[in-house]
Amino acid sequence: SLVMLIAILGITNPGFKAPHQFFDDVEGKVIHNYFIFSIYQQYSGFETSKDGKYKIYKRYVGVALNYFEINPVTAEK
């Protein structure tokens with residue numbers, strides 16, 4: 001049953017079906033694509049930090065055709 005569960009999660013991995021997803025009308029890209037899950041990051045529509053020095057990009061993990069928000073990525077301007 002464990003093998004069947006892993007196979008079902010692998011088949012329903014959204015990274016294999018849609019390499020570019022839209023989150024809140026913002027385009028994103030696949031950062032990591034594993035067999036069971038994928039990690040997406042927005043590359044437009046970022047927020048700025050309170051001090052204005054960093055851009056904050058949202059990241060999502062896709063598992064079984066669902067997306068869950070995980071910790072954001074900060075990058076210097």
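Q: Which strand does R59 lie in?
A: R59 sits in strand β5, residues 54–63. Strands here are DSSP runs of E with at least two residues, helices are runs of H or I with at least four, and both are numbered from the N terminus.

Q: What kind of model is this?
A: This is a predicted model, where local features need pLDDT of at least 70, side-chain atom pairs count only at pLDDT 80 or more, and totals for chains, interfaces and linings use all residues. Residues are numbered from 1 along each chain as its sequence is written, and side-chain values use heavy atoms, with hydrogens and water left out.

Q: Back to R59. Buried or exposed?
A: R59 is buried. Buried means under 20% relative accessible area, exposed means over 50%, and partly exposed is in between (1.4 Å probe, protein chains only).

Q: What does the side chain of R59 make a polar contact with?
A: The side chain of N71, at 2.8 Å. A polar contact is a pair of N or O atoms within 3.5 Å; within protein, one must be able to donate a hydrogen and the other to accept it, and residues adjacent in sequence count only if both atoms are side-chain atoms.

Q: Which residues is R59 in contact with, leaving aside neighbours within four places in sequence?
A: Y40, Q41, F68, E69, I70, N71 and V73. Contact means heavy atoms within 4.5 Å.

Q: New topic. Where is L9?
A: L9 is in helix α1, residues 2–11. Its relative accessible area is 21%, so L9 counts as partly exposed.

Q: And what is L9 in contact with?
A: Beyond its neighbours within four places in sequence, L9 contacts F35, I36, V63 and A64. L9 and L65 are 56 residues apart in sequence, yet 8.9 Å apart in space, C-alpha to C-alpha.

Q: What lies over the face of F46?
A: K55, at 4.8 Å from the ring centre. The rule: NZ of Lys or CZ of Arg within 6 Å of the ring centre and within 35 degrees of the ring normal.

Q: How many helices and strands in the protein chain?
A: Two helices and six strands. Along the sequence, the pattern is α-α-β-β-β-β-β-β. Of the 77 residues, 27% count as buried.

Conventions. Lys, Arg positive; Asp, Glu negative; His and termini not counted. Salt bridge = Lys/Arg side-chain N within 4 Å of Asp/Glu carboxyl O.
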